[in-house]
Amino acid sequence: MWEVEDEEKSFSRNPAAAMMTSLLTGCGNKQASDGGGQTGAETESAAKTESAGGAEPAAGADSVKPSAAEDPKLTKNMKILSIWAEDNDNGVLIKAICEKYQKEVNPNFTWDYEVVSSDNLRQKVATLVASNDLPDMFVYESGKPIVDLIEAGKLVNVSKVLKDFNCEDALNPSAVSLLKSLSGTEDIYDLPLGMNVEGFWYNKALFEQAGCQVPNTWDEFESVLVKLKGAGIQPIACGAADKWGATRLLNSYLVRIAGPEAMAKADEGISNYTDEDYVKAAQKIQDWAKAGYFGEGVNTVDMNTAGSMLMTGQAAIFYNGSWFTSNLNDASQNLAGEDGIGFFNVPVVDPYVSDESSYSMNCGNILSFSQKNYDEATGWFMKYFAENMGDLAMELQGSVKGYNYTVSAEGASGYTQLVLDTINNAESAFTWFEATMGNEVQNVAKDGIQTLLTGELSAEDYMKSIQEAWDMSQ
Amino acid sequence: MKKVLENKTAIAIFVLPALIVYSVIVILPVIWSLYYSFYSGSPGLKWEFCGFDNFLRLFGDSNFKASMAVNLKYISIVMLGQVGMGLLLALLFYFWLKRFKNVIRTLVFFPVVLPTVAVGQLFQKIYEIQPNYGLLNSLLDTLGLTGLVQPWIGQASTALGSLCVMDIWVAMGFYAVIFYGALLDIPGDVIEAAKIDGAGGLQLFRHILAPLLHAMIITCLIFSFSGTVKMFESATALTNGGPGAATRSLSMYMYNVSFTYNKVGYGSVVALFIFMLCVVGSSIIRKFDVKE
């Protein structure tokens, strides 16, 4: 599908190289406030490690080093737990890289592939941890969920393995920084399976019909919403049935008024969820719901339906991540056509607080490796995975997964190219609303957003409930 | 037979296999839960003895209280709805439906065999408001009752009621069949005699049918109670506990606490509470089963 280009030439336009090294949340502000010379990534990682009690987990300390310079073709049956079927999404890539590794490098490598629904992933992993039976490699969630596993020494120190196997450069440095920040450790304990950017997708035809331009500032954004509503068009499709579709909107405004580190500050206890800016952000989303910008029954609309509403012209704007391009590239779903949907970043309120080059980004689900099952064969596979996943993902799906790649992205669909360009343009990033929250706090935040939207919970009470959950979890 | 029943060894041989199975799959997990309830964290992850902390936390946990309130409301409405509607349907089959009664009985019983997830999806469509009106809102709109068009499962005020309607619809056929069988067991001459004595519909029910169906009503109430106290799959399929915590039951909360929050110890305390609720609730219902 993709032509392989001259390695040196294509590497120069690799997003990994082009992208900022200080991708993490609010590096500019952090540097200013800390007054030091650290990058935002360094600052945030250090702070997080300290807050975790400074106890560096034992995992990986006894990792097996390579016994030879080349893969010794050790016999290995790798047990893999995934949330994607082998013919879907990242499941295609995992299967393809296993097959490729077996064919090109190690014929003694085999694998068992088990799928669990994403909703049940945490429960499944918790059960496997309890029975000390984690599979060799498993899909998990970045951020807080893996912290407990890291602290309990259940996960392989991926940084150490990559160093031992001399393939540290295979990963996109931005992805590495993001993973470190999310786990609050100085090393990474997971491999990325995505490099996503989030923002507002909009239906160009509906914008034109209502005489709207793409907004750059929040005031312009609000004007667009009023115009769309006035033209009889539902301004925003929000998948509040899935909850995170709504919390992302809240986070967008919060970041623009309180800075990209707002949620991290609240999690560290530096600020409270009940502070003015947090309540103001919640109030904004409630006001939008009251104004009817989300249409009727917003809590009954899931993200798939909301995306479909955008593509079929039933709503003008939809907040989602770059993974939405798989829907946009599907002509049977996207009635707006190959160029009918556009993308814009979260509009800016005050560029000194958070500017337009700052995007919401994440690494999607991640891959972790069981420390208990780790052996040299796994290490060699990890090396192959890290060195080849970038090219494979670009060749098969035209997507960036957090690894360096050497093949060209030319020929990608307009939507895929749009995402690649956006990622390249990003100079800093902020995480999603629940990224820093523990499970309990996260559930309260997600559950409460629905009653916030219906007006059954006030903005103050919503934020108070999150603060109470946070207090309880301490 | 009398000889066999006097032989304690024979009794033990009959009882032991079932007792062992019952102990392993019912009593042992309860004891296990009790043991877990004195620990914090999750087995394998921060698993530490915490004494009675989990029990004390229960009393100050607003989420637990909210879930219990939802559960109690759900039990009251659905239990009475399922058994009441079942009884009414059975009376309808017995006294009024002369033609097509087999077809109608089959239709009423049909939802019982449907998978819960399928029923949840079906009702999501019935209650739908966006992007298109579902059956209910379309009907209301067509009848000109636009004021009643609303997101039935998208707002806390109507979500629990909507869920109850679904669960009553699903199970009422089951109870109707049970009551119909019980009605068939009542000798026809008793009913005939009451009618000859001038008993009207209500009098016939109150003085003849209700006393004769008493034991069956109690049994059905206990069935329904034990089915509703564990409220989980239908709420998960229809609303996933939302909006907010409007339809989140104790079982769902226990599941979240144990497997999402990784607090198996505290989840075990909630599980024990559900167990106690079951025991106490069933005992209260049995109090009405007084032999005259």
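## Contacts and the model

Two residues are in contact if their C-beta atoms, placed from the backbone, lie within 7 Å. The model discussed here is predicted.

## A helix pair in chain A

In α12(A), the residues A:A246, A:L249, A:L250, A:Y253, A:L254, A:I257 and A:A258 meet a set from α14(A). That set is A:D277, A:Y278, A:K280, A:A281, A:A282, A:K284 and A:I285. By class, the contact holds 11 nonpolar residues, three charged and no polar.

Two packed helices are described by the angle between their axes and the distance between the axes. Helix α12 of chain A covers residues 244-258, and helix α14 of chain A covers residues 276-290. Their axes come within 9 Å and cross at roughly 135°. The pair is therefore oblique. The crossing of α12(A) and α14(A) is right-handed.

## Where chain A touches chain B

On chain A, 28 residues are in contact with 22 residues of chain B. Three elements of chain A give two or more residues each to this side: α6 (121-130), α15 (303-311) and α19 (439-454). Which element gives the most? α19(A) does, with eight residues.

The side of chain A that touches chain B divides into 14 polar residues, eight nonpolar and six charged.

## The annotated span in chain B

An unreviewed UniProt entry places the feature "domain: ABC transmembrane type-1" at residues 68-285 of chain B. In the model, this span is 75% helix and 0% strand. The end C-alpha atoms of residues 68-285 of chain B lie 19 Å apart.

Key
Residues numbered from 1 in each chain as written. Chains lettered and ligands numbered in written order. Predicted model: local features only at pLDDT ≥ 70, side-chain atom pairs only at ≥ 80, totals over all residues. UniProt positions renumbered as here; feature names shortened; annotations may be inferred. Helix = DSSP H or I, 4+ residues; strand = E, 2+ residues; numbered from the N terminus. Nonpolar A, V, L, I, M, F, W, Y, C, P; charged D, E, K, R; others polar. Axes fitted to C-alpha atoms, helices over the stretch in contact; angles between N-to-C directions. Parallel < 35°, antiparallel > 145°, perpendicular 65-115°, else oblique. Left-handed = near helix turned anticlockwise from the far one by under 90°.
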